[in-house]
Structures are given as structure tokens and as C-alpha cells.
Amino acid sequence: METVLWSRLQFAMTAAYHWLFVPLTLGLSLVMAIMETLYVVKKDDFWRKTAQFWMKIFAINFAVGIATGIILEFEFGTNWSNYSWFVGDMFGAPLAIEGILAFFMEATFFAVMFFGWNKVSKRFHLLSTWLTGIGATISAYWILVANGWMQNPVGTTFNPDTVRSEMASAQAFWEVVTNPVAVSKFFHSVSSGWVTGGVFVVAVSGWYLLRNRERKFARKSMLIGAIVGLVGTGAVMLSGDSSGVHAAKYQPMKLAAAEGLENGGPRAPFSIIPGVEVPGILSILATHDLDGVVPGINDILNGYTDNEGNVVPSVEEKMERGRQALDALAAYRKLKDTNPLAAEAARAILDENVQYMGYGHLEKAEDVVPPVPVVFWAFRLMIGLGMLMALMLLLALIFAWRDTLENKNWFYWAALACIPLVIVCGQCGWIVAEVGRQPWTIQGLLPVNVAISSLSPTAVKTTFFLFLAIFALFLVIEIRIMLRAIRKGPQIKES
């Protein structure tokens, strides 16, 4: 269990560090594409230099993000080899497509975008800029297809001969690609990136206004940043609604933990903070029905009837049926070459209980309950900070649209303070998504204590602190390079 703990900490640290860069990459790619479009349409060199400045910031962020993403993929093999074996047939497909299609597309057009000024036509350069952002977005989709399958494993069947979860047909692959959890996570993650990019552009623009520098550049950048951020805010709200519905359907324990809901039922209340509840709102959010049933933690542990009238077994019953599945799997593999009839009987028992196989590895029913305080407060911090970002972006839009940004020092400082806050907001979203589904690496199929590699705790601790030192160094270097580029500025002459 010590190896499990340190492997989880190492992967969480790497993923959290990687997510420092991904949202800003997605947000800035849209901002700079819009700015270059204005340059091509208006034929105003101001927009060219403005786009080039934000491309420079994008490139700095993009480079570090790639390095951390590669480390994440290696950790699947080094720290989670049992998981990699179990899901290799499915999990490898979207990651391979991401690398072959999206990443190469992104990298190729990035080179044209960054180095191709005055070497290709304006329209082709503009196309390259848009395709760089589209490539980054497509890349995110395939990664989230893989992550969405871990939250809601569809389109695969368990093969007892290989002890792997496999895709058996093109239709199964399509089920994985169109997994509703993956689709909603994709829109939620990409739109949150737009919010992050919008907040960053507004804040940096505010810094220039605070220093009484590059005023036209700052005003125009703030306007576009505010628009991109507010569009992202609206998309985050819509995709967040679908994410809540999917959590209620496919991961009810995650939703119960996020709400601290011990005992649920119809007209379930939404908890603002402990002791302050709004009756019925959770049922509306989770099922779009005031009388919709939302199970609480105790309901899930003891068994309940869902909104479609299906009886969901208690966790104890799932554990018993999971143990039957594991015993049947062992019997099938032992007897398949020597006693085909007995092996077939064992296979029948396995097929009947295979959906609960992961529960057979649990020691007690309470193991399916994630750390409720962590998920509960991360969810509220995410919502609260998201609302604060929306307010700041709305003020930025009003001030920039009306050209009333003069002498708004309080707002410039507030916008700068929002840079770390929007990062915390995004990290909280992933805490809810990933900590909320514990103890599972794959929902209902594979708990973390079975997915682990056979490593010593010392080896994992050593690499954890090594990565921590490297990541800290990279972060300091990246921030210094970015600050130097911002201090230098776009160097646009005021007209």
C-alpha cells in the first residue's frame, strides 16, 4: 500500500504540473488566432505585432507542456504496469491516434506559425495558426477519450484468455470515441482553457496599463481576452451541467462525495456549505427532474433503486459477486486445456458476474467511498473561483468596450491576482474528477491497489522527489522566461 500511495502521489504531481500549461495553451491558441485573423482582414500591422507577442508567450508555455505530457505517458508503464496490461488494447489506441495525428499536426503547423512570418503567404500563415490551435484541441480530445473510458468503461469486453479488456469491433471503438463522459469532459476542459487564456490575457494587459505602457495593445488585448474568457465561461457552465448528469448516472459515489450527501432520494438538496442546503436543487442538476432520485453514500453502500426502476445491489453483494468472478476466472484458466466442460461452466459464472470483478479485490465496502472532505471542498472552491473569474472577465469586457480603463488600478491588481486563482480553479476540477472516483483506476473494474507495478516504495519515493525537483526547476525557468518576454513587451509604437 505504500507503493500505491507514492505512485498515486507521483502521478498526481505530474498530472497537476502538466495541467498548469495545457489550459493556457488552449486559451492562447484561440486568442492569437483571432488576433491574426484581424490582421489579415484589416491589413493593420498593429494586429500582426499583437498576434506575434501572444504567440511568443504561447510558444514558451507550449514547449514545457509537451515535456510533462510525455512523462505522464511513461508513468503508465513504469508505475502502473498491471493497469497498462489490462487496458493496453483499448487505452493505447486513442493515445496512439493523439500522437500520430493530433500531435504531429500541432507540431508541424506550430513550426510554420512561429517561423513562417514573411516566408509563406498571409492566408497560409493564418491557416497554420488556426490549425495549431485545432491540433492542440484534437490532441486534448483523444487524451480525454482515454480518461473518459476510465470513468465510464464502454465498448470493451473482458477476455479471460488474455486477462485484458479489449475492443472487439469497429463499433466498439466508436462507442469508446463517443463515450458521453469523454465528450462532456472534452468540452469542459477545452472551455476551461479558454477561460484560463482569457484571464491571463486580461491580467497581463492590466499590468501594462498599470505601468502606463503599450496602452493601445493592452486595451485591444483585454477586449479579446475578455470575450474569449466569457465565451469559455458559458461553455464551462453548459458542459458542467452535462458532467453532473453523467456523474449521477455513471459515478453516483463521486457525486455523493462532491455534495457530502449521506442519505439521498428524490428532491435531493444542494449543499452550499455544510448546514446550508437548497432543497431539490441537486435532483434538478443531476437528473433534470425535481423528483429525480440521487443516491447518497449510504444508499450506494446498502443498495438502492435508480430512476429507471433498476435495483442496484449493495457494495457487499457486488464484492461477493466480484469474488465469484475472480474464482471463476482462475478456474477457467486452470481447466480450459484439461477439462473443457468444467472450464465452460466456470466461464459462464465469470460472464454472469464480470461487471463486478473489480469489487472482488476490495477488502471492505467502505473502500468505495472517496475522501469526502477533499472532493466536497474542491468542488466548492472550483465553483466559487469560477464565478469570481466570470465577474472579473465581465468587468474587463465592460471597461474595454466602453473604453473606460483609465485609472482602474484596483482592477488591474485584481486581474493579476486572478492568474493563480484560475489555475487553482482548474486544478480543483481535476481533483473532483480523479479523487472523486477513488478507489478505481477504471470505474468498477480495476482498483488502484491491483493496477500498480511491482516496485519498491523506495524506488517510487526517489523518483517522486527527483521529479519534484526537476518540475520546480522547469517551472522557475519557464516563469522567468515568460516574465522577461512580458517585460520586453510587443514594442508597438502608439499611434
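V145 sits in helix α5 (residues 122-151); helices here are DSSP runs of H or I with at least four residues, strands are E runs with at least two, and both are numbered from the N terminus. With a relative accessibility of 1%, V145 counts as buried. Buried stands for under 20% relative accessible area, exposed for over 50%, and partly exposed for anything in between, using a 1.4 Å probe and protein chains only. The C-alpha atom of V145 is 7.0 Å from that of V176, although 31 residues separate the two along the chain.

This is a predicted model, in which local features need pLDDT of at least 70 and side-chain atom pairs count only at pLDDT 80 or more, while totals for chains, interfaces and linings use all residues. Residues are numbered from 1 along each chain as its sequence is written, and side-chain values use heavy atoms, leaving out hydrogens and water.

## Helix α2 and the residue after it

Helix α2 covers residues 22-42, and its end C-alpha atoms lie 30 Å apart, which agrees with the 30 Å that 21 residues should span. That expected span is 1.5 Å times one less than the number of residues in the helix. Most of α2 is covered, with 16 of its 21 residues buried.

Just after α2 comes K43, with a positive phi of about 55°. K43 belongs to the loop between α2 and α3 (45-79), and its relative accessible area of 63% makes it exposed.

## Two other backbone features

Which phi value does N118 take? Phi of N118 is near 70°, a positive value in a residue other than glycine. You will find N118 in the loop between α4 (81-115) and α5, and at 70% relative accessibility N118 counts as exposed.

Further along, the peptide bond from Q438 to P439 is cis, with omega near 15°. P439 is in the loop between α15 (409-435) and β9 (440-442).

## Salt bridges

How many salt bridges does the model hold? The count comes to twelve, where a salt bridge means a side-chain nitrogen of Lys or Arg within 4 Å of a carboxyl oxygen of Asp or Glu. One of the pairs is D351 with R347, whose closest N and O atoms are 3.2 Å apart. These two residues are separated by about one helical turn because they are four residues apart in helix α13 (residues 340-353). An α-helix has 3.6 residues a turn, so residues three or four places apart point the same way. D351 is partly exposed at 44% relative accessibility, and R347 is also partly exposed, at 24%.

E434 and R437 make another salt bridge through their side chains, at 2.4 Å from N to O. R437 is buried, with a relative accessible area of 6%. The side chains of E214 and R213 also meet in a salt bridge, at 3.9 Å from N to O. E214 is buried at 12% relative accessibility, whereas R213 is partly exposed at 24%.

## A nonpolar patch

I272, I273, V276, V278, I281, I284, L285, L290 and W377 make a nonpolar surface patch of about 690 Å². Patches are built from residues with over 30% relative accessible area and no salt bridge; like charges are joined within 9 Å, and nonpolar side chains (Val, Leu, Ile, Met, Phe, Trp, Tyr) within 5 Å. Accessible areas come from the Shrake-Rupley method with a 1.4 Å probe, and for residues only the protein chains shown count as cover.

Which elements supply at least two residues each? They are β4 (270-273), β5 (276-278) and α10 (281-287). The largest share, three residues, comes from α10. L285 lies in helix α10, and at 38% relative accessibility L285 counts as partly exposed.

## A positive patch

The surface also carries a positive patch, formed by R211, R480, R484 and R487. Lys and Arg count as positive and Asp and Glu as negative, while His and the chain ends are not counted. The place of a charge is taken as NZ of Lys, CZ of Arg, CG of Asp or CD of Glu.

Where does R484 sit? R484 is found in helix α17 (residues 457-488), and its relative accessibility of 56% makes R484 exposed.
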